Amino acid sequence: MYKYGREVSRTKRVLLRPLTMLCAGAGRVSVLLCACSVMLGTLGQTGDTGDGQMPNAVRTKERRRPTPETTREKSSMFSIKDHVRQSQALSAAEKEFILNRKRVSLKALNDMGVKCSLASVPHIAVLGSGGGQRAAVSLLGSLHQMEKDGLLDSVLYLGGVSGSVWSMASLYTDPQWSKNVGGAVSRLSGPEISPEQALSWLSEAAKDEQYSLSDIWGLLTSAGIMKQLDHQRLSEVVTSAVNPYPIYNAMNQNCQKGPEKGKWFELTPHESGFTDLGLFVNSSLLGSRVHGAASGGQREMDLVRLQGITGSVLSDEQTVLDSLPQQLKDLAGAAVTDENNLLDVIFLWTEAPQQVSGFFQVLDRYTRAYHTLLKVTDIIKRYTKDPAVISDLNGLQKTMRENLNLNPAAWFGKKSPKQRKLILDRWSQKILEPLQSWSQSLDEGPVKDYISLLSQKVFPAIGKWEWGTIENFLFLYPDASVPSCIRLKQHLQLIDAGLMLNMAFPPLLGEKREVDLLIALDYSAGEAFTTLTLARDYAAKLKKPFPEIDEKILQEERDWPKDCYVFEGKEREPTIVFMPLFNRNNCKDAEEVKTKMAAYSTFQPPFSQEKVEFLLETAKENVKRNKETLLREIKKAAERRRSRRSKEVWHLNLKTFTTRRH
């Protein structure tokens, strides 16, 4: 056990090297930005106490949650239903947009030789899966090739989860991106976002009481991976029908183990809300206290925060635990020489008596904050030449060591969970008080501002391990059909939808958007058809139409799939064109699929330019190779809609004739 702890500790140091190298020679503000990267890249301990108690972070949130009685007076000031639309039909704004988009699609279809009228324009949607930077880069490559092949303008909807949303957010900053996908592609190799810009955004975000780790993560993905930091608001994204209509997707963590209808959350420029409950609020009000909307409420979600919320797979601690240990072991190599490395101490504790086996969970907040602070101070010391700063940092570290007792057996051996919590709070204060005192002694300037930001906002956010916090527009909603895991929570916790289903099928199945053809671009890790079978199961539970899938294909080809599958729909079922990223055309066998997926895994530092180019070309080639298949299915979708439209008109005429006769 101790040996494994040593391996992880060594690996943490290996993972930190690229980050500290990036910080070399940088100014202090730049160093602190790197520290934020270190903070999320090295932390995230388990949240399961193993003794029947809720995780510490969860217990903290539960304790703070207002009861209905304590908030009823405030809720009486407004009528929730004035701001909530309850319907399974399209909003008027989306309906108008789609009508205008159909005019663009009609021309594109006619140019491709697909003969149809405006009424028979097929409803086509492109779905991008999750998969971190792998998915973000690959989706850009796929869309770029669709633009070149003249296919993109036929698409009405673009839906994404997780990493695909990162690229969607980048695309929609350009009001005419579908005419120039290459512009978004070129940004991937463009200039870096300056640390001053990044930390300025984070400082502003931290003023919001809904600030959470999603804001930090959104900053790191937007600035660090997509090379963009756009302040455009979600409701400002669509200005014309030049582009497909975007549907971003998240999951409500509060109902993660609750009823199916309380989980999937869609975000569009016009409305955002629960897909299966049919409850939506205007996207410009999302995050506001709807009873206080007239007085401004909270800041409206911008595209940076959107990326942090929808791509926050790290919010699920079990996913982190399941995904990272093997990667950490694989990367291990360097010997540990730093005797004060806290991770060494932590893993040594795993040999402590059984009664302290829950220390990992009890020390959750303490461990993250303490470890992060040490890394911040060490990085600054290593690269600063200012004697005064070095002296201050040495003093801070000395103060912390004098105030902190790292003997868990003595502190926690026979303590109750409540007593452990009190000790933990005391330790947290001992961490933060010296930091805050030290920051106040600094001269006015960026260093003081951002050290204060770390101590007052960043460390507490790590401690709570809270993601995607927004005001709940359905808090105390007067309808018993709304699950209690939503109705009784003052805040929603919106996290990565890929934790439930790694492709945006839910909002594009069924009668609401009447999609005829789904082009499913799968960049997921794991077995090829997992997202497809999960979508099928989801559709079955909620009685939504879904095409039949050949079980033989699922069993025999999951490890080494073809580059394109067509699962044909009938009547109201959409046809699905399913396209795995790594397949028989670019991998010689199943082992090579695994090798490439490992090389471009979800959990790793930002890709090199060489890796980015490889993914772009791989995704483009998949689309190029299957252009004729896509065109054939587009034509068939148009024919099906035309046929269905004719039947609907015939039945309507018959009904009218019968009514007149009687």
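Student: How many disulfides does the distance rule give here?

Tutor: A disulfide is a pair of cysteine sulfur atoms within 2.5 Å. By this rule the count comes to 1 disulfide. Before going on, keep in mind that this is a predicted model, in which local features need pLDDT of at least 70, side-chain atom pairs count only at pLDDT 80 or more, and totals for chains, interfaces and linings use all residues. Residues are numbered from 1 along each chain as its sequence is written, and side-chain values use heavy atoms, with hydrogens and water left out.

Student: Which cysteines form the disulfide?

Tutor: Cys255 pairs with Cys485, and their sulfur atoms are 1.9 Å apart. The link is right-handed, with 105° about the S-S bond. Helices (H or I, at least four residues) and strands (E, at least two) are DSSP runs, numbered from the N terminus. With those names, Cys255 sits in the loop between strand S4 (245-252) and strand S5 (264-267), while Cys485 belongs to helix H20 (residues 484-487). The pair links distant parts of the chain, 230 residues apart.

Student: Are Cys255 and Cys485 buried or exposed?

Tutor: Buried means under 20% relative accessible area, exposed over 50%, and partly exposed in between (1.4 Å probe, protein chains only). Both Cys255 and Cys485 are buried. Cys564 counts as buried too, at 14% relative accessibility, and Cys587 is buried at 2%.

Student: Where does Pro191 lie, and is Pro191 buried or exposed?

Tutor: Look in the loop between helix H8 (181-187) and H9 for Pro191. Its relative accessible area is 70%, so Pro191 is exposed. Pro191 and Gln228 are 37 residues apart in sequence, and their C-alpha atoms are 9.2 Å apart in space. The C-alpha atom of Val458 is separated by 8.3 Å from that of Ala206, 252 residues away along the chain.

Student: How do I read two helices that pack together, and at what angle do H6 and H7 pack?

Tutor: Axes are lines fitted to C-alpha atoms, for helices over the stretch in contact, and angles run from 0 to 180 degrees between N-to-C directions. Angles under 35 degrees count as roughly parallel, over 145 as roughly antiparallel, 65 to 115 as roughly perpendicular and the rest as oblique. Helix H6 (residues 132-148) and helix H7 (residues 163-171) have axes 6 Å apart and pack at about 50°, so H6 and H7 are oblique to each other.

Student: Which residues of H6 and H7 meet?

Tutor: Contact means heavy atoms within 4.5 Å. On the H6 side are Gly132, Gln133, Ala135, Ala136, Leu139, Leu140 and Leu143, and they meet Gly163, Ser164, Trp166, Ser167, Met168 and Leu171 of H7. As for H7 itself, 9 of its 9 residues are buried, so H7 is largely enclosed by the rest of the structure.

Student: At what angle do the axes of H9 and H10 cross?

Tutor: Helix H9 (residues 195-205) and helix H10 (residues 213-224) cross at roughly 160°, and their axes come within 10 Å. That angle is why H9 counts as roughly antiparallel to H10. The contact is made by Ala198, Trp201, Leu202 and Ala205 of H9 with Asp215, Ile216 and Leu219 of H10.
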